[in-house]
Amino acid sequence: MRSSLGELLDGFLTTLRELELDATLTTGERAQGWDAVGSIEGVSVAVAIKAAPNTADVSALAARRPAGVYVVLVARRLSATVRDALIEHDIGFFDTHGHLRLWRRPLLVDTTVAALTVEAGASRRLRLDVPSLMDVALAVLDGSVATGGVRATASLLDRSPGTVSKQLAALRDAHLVDERGEPAVPDLFDSIVDVWSPVRVPLADLPRPNGGAVNSRLKLGFDDIAGPGWVLADSFAAAAWGAPIVIGGDAAPDFYLPDVQSLRHARTLLGVAEFGRHACTVAVAPAPYVCKRRYDRSHVIDLPFRAPSAVIAALDLAMDPARGRETLELWSRNLPPEVRRVW
């Protein structure tokens, strides 16, 4: 059986043949430390194969480039950042999502090609809607894993280091996370969007500060800012992070709640309403992480409620394939420095 990296090389060669490019590649000991060496349309090439490379991998390839040889990287997934780095370092690339760039005269190819399906099933088989896996995936998108490592992430998520390690391994096997804990962009984000489906309930009243026992039952988290609690959602969350969204003065805010018990109490204490006559909407957070990472953005949006991570706001926007995605793209052009673009 061919290894997964062997399948990547096979896919690369198949694509070259379909484009009627003359290629001769050698593997094994004669490849001199590369995964393959040879020529494409007369251009001497050295081929490296990596499932989900990062920018450090690109720098390493550039540093070991043989004189007079064009280096080509073959990968399952290439983030926009990695593609930019490859172009900057004059390294060609092919990824199974359907892009080929070989830019060394007389070989000038920069085109979209048929995407290979050898790895597509791995992402689909991964149950990202499992709360523990979703927690870890969101922490990856938020940068917590790359900056803090497994133990710090486990403490943040209130999960065992073993659980975090196991779920990170599953994400790596699906080529959605690299060895440093950085996400494959936008693949991990898009995979989460596919299962991001909060069910919103319209309520007749809003929660308020200084609610005493009522707020405790609602698990609002006003008094314990370090623990879990309600967070803004959808347009309000996006606006809190500077997204170009205009919110009317009478607009009803949306919230994520920590758990089902909070939702039951909210329905009882604040009353259920009809959409269009509601004071707010609530939904149980798709994963505990959503209501654990809470930020004070009152300097941006004049509400007493905390915001979730900017990643959560972006996921909410991405659920709307038309207006939401358009807003997401506009927001991306002027992101505040504290927001990572992972979509």
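## Close-up views of a predicted model

**View 1. S332 sits in helix α14.** The helix covers residues 323–332. The model shown here and in every view below is predicted. Is S332 buried or exposed? S332 has a relative accessible area of 13%. Buried means under 20%, so S332 counts as buried. Which residues does S332 touch, leaving aside those up to four places away in sequence? They are R341 and W343.

**View 2. The whole protein chain gives the setting.** The chain has 343 residues, and 48% of them count as buried. It holds 14 helices and 11 strands. Its C-alpha trace spans about 75 × 40 × 30 Å along the principal axes. Take the contacts with a separation of 6 or more: residues 24 or more positions apart account for 64% of them.

**View 3. The largest nonpolar core contains 70 residues.** Which members touch the most other members? They are L138, L171, F189, I192, Y256 and W331. A second, separate core has 21 residues. Among them are L8, F12, I40 and V43.

**View 4. L171 is shown with its contacts.** Residues up to four places away in sequence are not counted here. Within the largest nonpolar core, L171 is one of the residues that touch the most other members.

**View 5. The largest pocket holds about 390 Å³ of space.** Its lining is made of 23 residues. Which of these lie nearest the pocket centre? They are S79, T81, V82, P183 and V185. Helix α3, residues 80–88, gives the most to the lining, with four residues. How do the lining residues divide by type? The lining has 12 nonpolar, four polar and seven charged residues.

**View 6. C280 and C291 are in no disulfide.** How many disulfides does the structure hold? The number is zero. For C280, the nearest cysteine sulfur is that of C291, 14 Å away. For C291, the nearest is that of C280.

Technical notes:
Residues numbered from 1 in each chain as written. Predicted model: local features only at pLDDT ≥ 70, side-chain atom pairs only at ≥ 80, totals over all residues. Heavy atoms only, no water. 1 Å grid on protein atoms, 1.4 Å probe; cavity = no way out; pocket = protein on both sides within 12 Å on 5 of 7 lines; lining within 4 Å. Points joined across faces, edges and corners; volume = space filled by probe spheres on them. Helix = DSSP H or I, 4+ residues; strand = E, 2+ residues; numbered from the N terminus. Nonpolar A, V, L, I, M, F, W, Y, C, P; charged D, E, K, R; others polar. Core = buried A, V, L, I, M, F, W, Y, C linked by side-chain atoms within 4.5 Å. Buried < 20%, exposed > 50% of the residue type's maximum accessible area, 1.4 Å probe, protein only. Contact = heavy atoms within 4.5 Å. Disulfide = S-S within 2.5 Å.
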